[in-house]
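Hi,

Here is the structure I promised to send over. Have a look at it first, and my notes follow below.

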Amino acid sequence: MKALLILIVLMNLDKNKCFAFLSFSDQVLSITAKTQEQVELLKNVSTQYETVLWQPVSPEYIKEEEPVHLSPSAFAQSFASRFCFRVLLDNTNEMIELQTRNDSTDPRSSSSYYERYHSLEDIYYWINRTTQEHPEMVKVVLIGSSYEKRPLYALKISVGEKQDKKAIWIDCGIHAREWISPAFCMWFSLSYYNQNQDITHILNHMDVYVLPVMNPDGYKYTWTTNRMWRKNRSYSTDSSCVGVDLNRNFDANWCTEGASDKPCSEIYCGAFPESEPESEAVANFLRSHKDSVQLYLTIHSYSQMLLFPYSCTLDEAENHNELLVMAQEAAQKIRRYYRNTYKYGAGGKTIYLAPGGSDDWAYNLGIKYSFTFELQDRGRYGFLLPPSHISKACNEALIAVKTIALRVIEKTQAPQ
């Protein structure tokens, strides 16, 4: 691990003063620009220097009085002297090593299997084992393959013999570095029939499709090369930069404000809608199941939010108030049972415009209950959420899933 000395300016106990000292480059900092001049300077540094933005994802989203989380490589003294910093993490390399060290291939080898992060190979193994151990209710559906020809496996969880049940779709891992997302899809699939009253009721009425890793190439890359990689791993014919943001690649106000047509950007929208095999595979599957899928859920991190359409425009969805009530109830239950706070609302108004997202596209397809969950945390650990936090993060998401799914059943299906 190569550590570069950088100048860090940290907030003193007196918030109006700052002090400086030398530290290493494997830190994550929180900076809040106080003036428009500082905003522009921060945008310039984030663009010109080898700086990894954690939040927001792209320099264009940087605003006054909103914290920016970033991992710097080198700062000029003239830049650092203009800001007060807060260190969120000062040992990212060590944390990454610890989070990858305990990878295990056998679900039965430890009771804490679901409280660790797992490599792509381990997740594929887990998919195979899960279907072998529960053939009566779990089947594998191959919906396509990635740019590097890795399979896109979804699990279909179904009970009973009814053939025309409605369905829920859940996808995880669209952004490679958001490891808590695939961890949740594995966690959810553990919540089997007859073990939980709400899950039992949901599965009695609906099938559930779970795609644990929508971006397998990017996820693999985060384990082998660059932990903070976000996009997929496709190559462009007119640029040396790699990857497309799959959550800007769907046909929902594609490549308008909030996305980029530049291949080097973290929010690059791709050459055209569904240009990427991963987004095309999900879109094709949902198109072919649009009459049965009634609830669409896509799992992200971090920031603790429950979002719904629209993110591609500031216009309200047709059933905005209905979606708002559902998200509010889910957030209230998280608060009640886990003492944690989640913001909720339409994506474009709650955070920022993000065109080309899968949730908006699914909504426009006709899936009128469409949500994006942003899981833990709010920046203390960010993308490096410790394994010890997986259980709580997944239980928070699970109670939100159950709350919303039960409401969808109540609204769309006649009592049996």
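Let me start with D207, which is buried at a relative accessible area of 7% (buried means under 20%, exposed over 50%, partly exposed in between, with a 1.4 Å probe and protein chains only). Before the rest, the housekeeping: this is a predicted model, where local features need pLDDT of at least 70, side-chain atom pairs count only at pLDDT 80 or more, and totals for chains, interfaces and linings use all residues. Residues are numbered from 1 along each chain as its sequence is written, and side-chain values use heavy atoms, with hydrogens and water left out.

Back to D207: K156 forms a salt bridge with D207, with the closest N and O atoms 4.0 Å apart (a salt bridge being a side-chain nitrogen of Lys or Arg within 4 Å of a carboxyl oxygen of Asp or Glu). That pair links distant parts of the chain, with K156 in strand 8 and D207 in strand 10, 51 residues apart. K156 is partly exposed, at 26%. Helices (H or I, at least four residues) and strands (E, at least two) are DSSP runs, numbered from the N terminus.

Strand 10 (residues 206–211) also holds Y209, which counts as buried at 7% relative accessibility. Y209 touches L155, K156, A167, I168, W169, I170, F285 and H289, not counting residues up to four places away in sequence; contact means heavy atoms within 4.5 Å. Y209 and W169 sit 40 residues apart in sequence, yet 4.8 Å apart in space, C-alpha to C-alpha.

The whole structure has 17 salt bridges. One of them joins the side chains of D217 and R150 (2.9 Å, N to O). D217 lies in helix 7 (residues 216–224) and R150 in the loop between strand 7 (138–145) and strand 8 (151–157), so the bridge ties together parts that are 67 residues apart in sequence. D217 is buried, at 1%. Another pairs R287 with E274, at 2.8 Å between the closest N and O atoms. R287 is in helix 8 (residues 277–288) and E274 in the loop between helix 7 and helix 8. Here R287 is partly exposed at 34%, whereas E274 is buried at 13%.

As for the chain as a whole, there are twelve helices and 14 strands, and buried residues make up 57% of the 416 residues. Among contacts between residues at least 6 apart in sequence, 72% join residues at least 24 apart.

Cheers
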